[in-house]
Amino acid sequence: MLKPLAAVAGLFLLAAGAPAALAQGPTTAAANQDLAQWVNPIIGTDSKPSLSNGNTYPAICRPWGMNFWMPQTGKMGDGWAYQYSADKLRGFKQTHQPSPWMNDYGQFAIMPTTGKRVFEENARASWYSHKAEVAEPNYYRVYLADYDVTTEIAPTERAARFRFTFPKTDSAYVVIDALDKGSYVKVVPGQRKVIGYTTRNSGGVPKNFKNYFVVEFDHEFASTALYQDKVAAASGVLEITANHAGAVVGFKTRKGERVNARVASSFISPEQAELNLKEIGDHDLEAVRQEGRAAWNQVLGRVEAEGGTADQRRTFYSCLYRALLFPRKLYEVDAAGKTVHYSPFNGQTLPGYMYTDTGFWDTFRALFPFLNLLYPEVNAEIQQGLANDFRESGWLPEWASPGLRSVMVGNNSASVVADAYLKGIRGQDMEVLYQALVHGANNEGPLDAVGRRGVQYYNKLGYVPYDVKIKENAARTLEYAYDDFAIYQLAKALKRPKKEIDLYAKRSQNYRKLFDKESGLMRGKNQDGTFQKPFSPFKWGDAFTEGNSLHYTWSVFHDVQGLVDLMGGKQKFVATLDTVFTLPPVFDDSYYGGTIHEIREMQIAGMGNYAHGNQPIQHMIYLYNYAGQPWKTQYWAREVMNRLYLPTADGYCGDEDNGQTSAWYVFSAMGFYPVCPATDQYVLGAPLFPKTTLHLPTGKDIVLNAPKNSDANRYVNALTVNGKPYDKNWLSHEELLKGAVLDFDMSATPNKQRGTSPDAAPYSFSKAK
């Protein structure tokens with residue numbers, strides 16, 4: 001996932017942590033467990049542009065924290081800032097990067113050295129080993145071999161504690177690198193402090209964008225030096241503004257002496273950065289580390305998985321950690337204790353919440369439904385922030401980092417807003433948000449990926465044509481139709497006029513316009529009503545987004561029965577589903593001019609043409625439930641969990657993408673999945689663990705018991721809900737919120753009678769009408 005649209009064709013060529021509302025946490029023993037011990041932030045970091053095993057970095061942070069910290073192996077400006085295969089570290093970077101494809105903004109780096117004073121990143125880089133590296137969600141430690149220095153980091157949401165353990169030397173240094181593209185540093189020796197700002201970004205910011213930082217040490221400076229680009233300034237210079245500004249402060253240390261630093265930053269002002277230091281107060285690194293551990297255990301404790309193998313628990317809780325990183329907080333707390341944010345749209349400081357760094361094309365599918373189920377108080381803040389996005393920019397960001405970005409397709413803010421309201425999230429301004437959805441659905445935005453590209457064709461013809469020079473037109477059409485369904489659902493709930501409700505209901509059926517009876521698949525269509533020629537179901541891109549027709553045909557989340565009917569019935573529908581797995585991984589990459597990494601990841605996965613490493617097909621496995629063969633969902637979901645997710649540096653099968661691919665695993669391991677956000681239903685799979693308990697913030701529990709669960713016993717022979725036999729292939733969100741006990745009788749052979757009746761199938765628009 002994730003290349004800016006303009007670049008796709010040429011690609012190959014609370015101070016203590018968790019939100020205040022989470023302070024209560026689970027009221028069970030889960031909150032007291034050290035579930036963070038199972039999290040490995042290194043998973044997915046063995047990646048490169050040509051092959052993604054996650055494209056992640058070790059995010060050392062608090063849940064949804066405004067700032068993350070990471071060890072930096074890559075050069076300044078490289079999106080692949082931490083690669084597991086690298087031998088050297090160049091520094092420790094404060095990062096806001098949601099993806100290497102999107103790159104970073106507001107970053108600066110800190111690096112300890114000894115011996116000759118150096119500033120430039122290649123000169124200061126040090127050999128290191130993973131054997132001398134400790135990465136936890138809330139803490140990082142590494143030994144820098146070239147300098148005989150150990151560095152430790154423990155963050156809060158907007159600040160961090162650093163601890164450097166030096167050898168005996170009169171030439172111990174700490175580099176503060178504000179990076180290039182416009183930066184400023186000032187050394188204040190009397191306060192043992194370095195302040196400054198960085199403007200480095202990769203887009204999505206207004207002209208006055210700055211990230212102001214403050215670094216405060218507990219040792220007097222033995223020396224100071226400022227740098228402009230790679231050149232040291234004259235002796236005695238304490239302040240510098242340049243393309244690339246930095247500082248090096250020196251210390252004299254005994255063997256094993258620890259130099260401590262407090263670091264904070266703000267997008268608002270230098271004064272606010274100083275205020276954000278109060279998140280640390282006078283707490284030392286160990287205290288901040290333990291507070292961070294407690295914050296992570298509180299949020300991880302919402303899901304208590306029992307049994308299974310150690311690797312399964314590592315994978316599960318590492319995926320859960322990834323699902324609780326993004327979208328990140330962009331808001332701060334001012335001197336009066338009020339929530340304020342720097343607007344990435346107009347550059348003003350304004351009241352209220354704001355979150356950023358997520359792409360709805362990915363995360364509408366499972367990440368946001370996951371928040372709605374288990375962290376509704378967090379999504380309540382996110383939804384309030386979305387209303388601010390619209391007020392300040394005139395649009396909802398389909399991809400935000402930190403402001404509007406022109407990446408991916410669709411108008412999936414409709415799903416994110418509708419699902420939240422329909423699942424009971426309140427406190428957001430629904431008048432503003434509904435206005436935002438209607439505006440986005442009927443207008444092209446200032447960027448290709450804002451609003452709806454091709455909307456004039458879509459609203460007139462019912463599809464975006466293939467031959468009007470709008471890329472990825474069929475993908476847009478299919479996603480717009482689903483997004484119209486989400487607006488239809490929300491319009492009903494808000495009691496909008498019948499004419500309005502009927503309009504979006506009608507538009508939700510536009511997917512039918514692209515169904516090609518000849519191939520039995522979705523296909524690009526020209527303005528005159530003829531289908532694109534030639535047509536290959538294996539051609540990636542072109543009419544589709546980072547996938548082919550075999551992947552995108554299933555993007556009828558809201559009306560699977562309608563798709564079954566178009567294909568000629570359940571037998572043909574299931575046969576086509578089966579074909580995705582049984583075909584060899586053949587592909588046509590001619591649209592890109594070479595094999596993009598998403599194609600390569602499908603090719604090497606050993607699962608035919610199933611491309612789980614990218615998002616469009618991730619719900620497909622669950623569609624067997626709509627055609628009366630739920631045991632195939634149970635089989636394939638387990639296969640994907642077993643084969644494509646591992647607790648290792650190469651542990652993902654493609655881009656992790658802001659929690660979406662992780663949320664798929666977490667949902668699937670729990671035994672159900674939100675195929676169609678903006679409905680009340682989850683579609684059943686089968687649980688991975690013998691027992692999983694979901695501790696809802698209301699104090700209610702959802703208990704999923706599967707005592708006979710094993711690698712062989714992956715099929716659901718029978719299911720009872722609250723003691724009563726249950727034959728449906730779906731679960732109701734509303735009923736689950738009341739608290740529920742689900743008892744799964746697991747078997748090594750599929751029960752081909754359970755869940756086969758038409759009434760067992762999950763929601764489809766066609767059936768509901």
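The model is a predicted one, in which local features need pLDDT of at least 70 and side-chain atom pairs count only at pLDDT 80 or more, while totals for chains, interfaces and linings use all residues. Residues are numbered from 1 along each chain as its sequence is written, and side-chain values use heavy atoms, with hydrogens and water left out.

Cys319 is likewise buried, because its relative accessibility is 2%. A disulfide is taken to be a pair of cysteine sulfur atoms within 2.5 Å, and by this rule the count is zero. Cys319 accordingly belongs to no disulfide, the nearest cysteine sulfur being that of Cys653, 9.9 Å away.

The helices come next; they are DSSP runs (H or I, at least four residues), numbered from the N terminus. Helix H8 spans residues 376-393 and helix H9 residues 413-422, and their axes come within 11 Å and cross at roughly 130°. Because of this angle H8 is oblique to H9, the term for whatever is left once angles under 35 degrees count as roughly parallel, over 145 as roughly antiparallel and 65 to 115 as roughly perpendicular. The axes themselves are lines fitted to C-alpha atoms, for helices over the stretch in contact, and the angles run from 0 to 180 degrees between N-to-C directions. In the contact (heavy atoms within 4.5 Å), Asn379, Gln383 and Leu386 of H8 meet Val416, Val417 and Ala420 of H9. By class, the contact of H8 with H9 holds four nonpolar, two polar and no charged residues.

On to the next pair: H9 and H10 pack at an angle of about 150°, their axes being 10 Å apart, and the two helices are therefore roughly antiparallel to each other. Ser413, Ala414, Val417 and Tyr421 of H9 make this contact with Met430, Leu433 and Leu437 of H10, a set that divides into six nonpolar, one polar and no charged residues.

Between H9 and helix H10 (430-441) runs a loop that contains Ile425, which counts as buried because its relative accessibility is 2%. Leaving aside residues up to four places away in sequence, Ile425 touches Asn372, Pro376, Asn379, Ala380, Gln383 and Ala420. Ile470, by comparison, is 45 residues from Ile425 in sequence and 36 Å from Ile425 in space, C-alpha to C-alpha.

Methods. Ala, Val, Leu, Ile, Met, Phe, Trp, Tyr, Cys and Pro count as nonpolar, Asp, Glu, Lys and Arg as charged, and the others, Gly among them, as polar. Buried means under 20% relative accessible area, exposed over 50%, partly exposed in between (1.4 Å probe, protein chains only).
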